[in-house]
Amino acid sequence: MKYLLQSIGALSAVLLQPISAHYMFSRLVVDGVVTRNFKYVRNTDYETYPDASPYDRMAPYETYNQAMIETTNMTCGKNAFNYAQYTSTATVQAGSKLGFRTQGSDVISGEIWHEGPAQIYMTRAPDGVALEEFTGWDSDWFKVAYWGPLTETKWYTEDKEELIFDLPATTPPGKYLLRVEHWMPLPGSYSQWYINCAHINVVGPGGGNPQQFGTVKFPGSYQFTHPGITLPPDVMDTTDHTFHGSTSFLNLTGYTPPGPQVWRGE
Ligand SMILES: *[C@@H]1O[C@H](CO)[C@@H](O)[C@H](O)[C@H]1NC(C)=O
Ligand SMILES: *[C@@H]1O[C@H](CO)[C@@H](O)[C@H](O)[C@H]1NC(C)=O
């Protein structure tokens with residue numbers, strides 16, 4: 001019996017390994033060109049305990065309460081500002097197709113494997129402040145992209161490897177942090193956040209007013225109890241979660257994400 005249990009344990013470990021998948025948005029994509037891991041994206045801290053599997057090392061930022069939503073880990077990922085000085089700035093023409101590509105752990109391909117929404121925000125560094133020294137902590141962020149539900153029970157992001165949007169041609173020129181966030185809501189008011197920031201220098205004629213729909217601060221604006229973050233029981237079955245290919249999303253019609261409306265160049 002003991003032998004049998006051990007075999008079952010070993011078997012589930014083998015079966016679970018390739019399908020357990022964490023990932024990071026570590027590659028900036030500009031007009032179809034995929035850039036190197038963490039060349040233009042701020043790296044983040046990982047779990048460092050000695051026996052961590054690749055899966056564990058890529059653990060995202062996990063939040064269980066409002067206090068955890070209010071840390072600077074929500075700005076660009078876990079302790080990301082420590083890596084700002086090692087991040088290059090990509091020059092991006094306003095009007096480009098812009099976004100992020102995922103990178104997985106050693107054992108999996110790296111697509112967006114956990115289920116939930118995704119959004120992209122931007123904030124401009126004050127004149128004379130280099131992105132390498134810009135935390136973004138007290139800055140005003142406007143939203144430039146959102147991917148919500150695909151159907152009543154599925155999210156658009158599921159199994160995607162890239163999140164690409166149109167950077168408006170009227171984006172005011174300047175140096176920006178480009179911040180992607182994707183999260184998996186889980187039962188028990190718990191969320192896993194996948195957040196990364198790229199350094200970009202936008203060039204172009206400008207003319208748009210990206211703050212007109214409102215802005216948010218990271219940290220500072222998101223509320224743990226927002227129904228777009230902690231999903232209510234009529235939207236998500238809070239007693240069960242299978243992490244992928246999930247049946248726990250009951251009815252995503254009417255889902256509203258946190259944050260302002262997406263700015264599209266007006
Ligand atoms: C960021 O997250 C890490 C790991 O979860 C934690 O050790 C650290 O204290 C957090 N930073 C802040 C500013 O709360
Ligand atoms: C989901 O909710 C919408 C309204 O919010 C409703 O029209 C629709 O019938 C619901 N679908 C199911 C399967 O309950």
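Buried means under 20% relative accessible area, exposed over 50%, and partly exposed anything in between, with a 1.4 Å probe and protein chains only. This is a predicted model, in which local features need pLDDT of at least 70 and side-chain atom pairs count only at pLDDT 80 or more, while totals for chains, interfaces and linings use all residues. Residues are numbered from 1 along each chain as its sequence is written, chains are lettered from A and ligands numbered from 1 in the order written, and side-chain values use heavy atoms, leaving out hydrogens and water.

**View 1. Leu150 in its loop.** Leu150 sits in the loop between β7 (142-147) and β8 (162-166); strands here are DSSP runs of E, at least two residues, numbered from the N terminus. Its relative accessibility is 54%, so Leu150 counts as exposed. Setting aside neighbours within four places in sequence, Leu150 is in contact (heavy atoms within 4.5 Å) with Trp155 and Tyr156. Pro117 is 33 residues away along the chain, and its C-alpha atom is 9.9 Å from that of Leu150.

**View 2. Around ligand 2.** Glu152, Asn251 and Thr253 surround ligand 2, each having a heavy atom within 4 Å of it. A polar side-chain atom of Glu152 is 3.0 Å from a nitrogen atom of ligand 2, and one of Asn251 is 2.5 Å from an oxygen atom of ligand 2. On its own ligand 2 exposes 360 Å², and the protein buries 32% of that (Shrake-Rupley method, 1.4 Å probe).

Terms used. Helix = DSSP H or I, 4+ residues; strand = E, 2+ residues; numbered from the N terminus. Polar contact = N/O pair within 3.5 Å; in protein donor to acceptor, adjacent residues only side chain to side chain.
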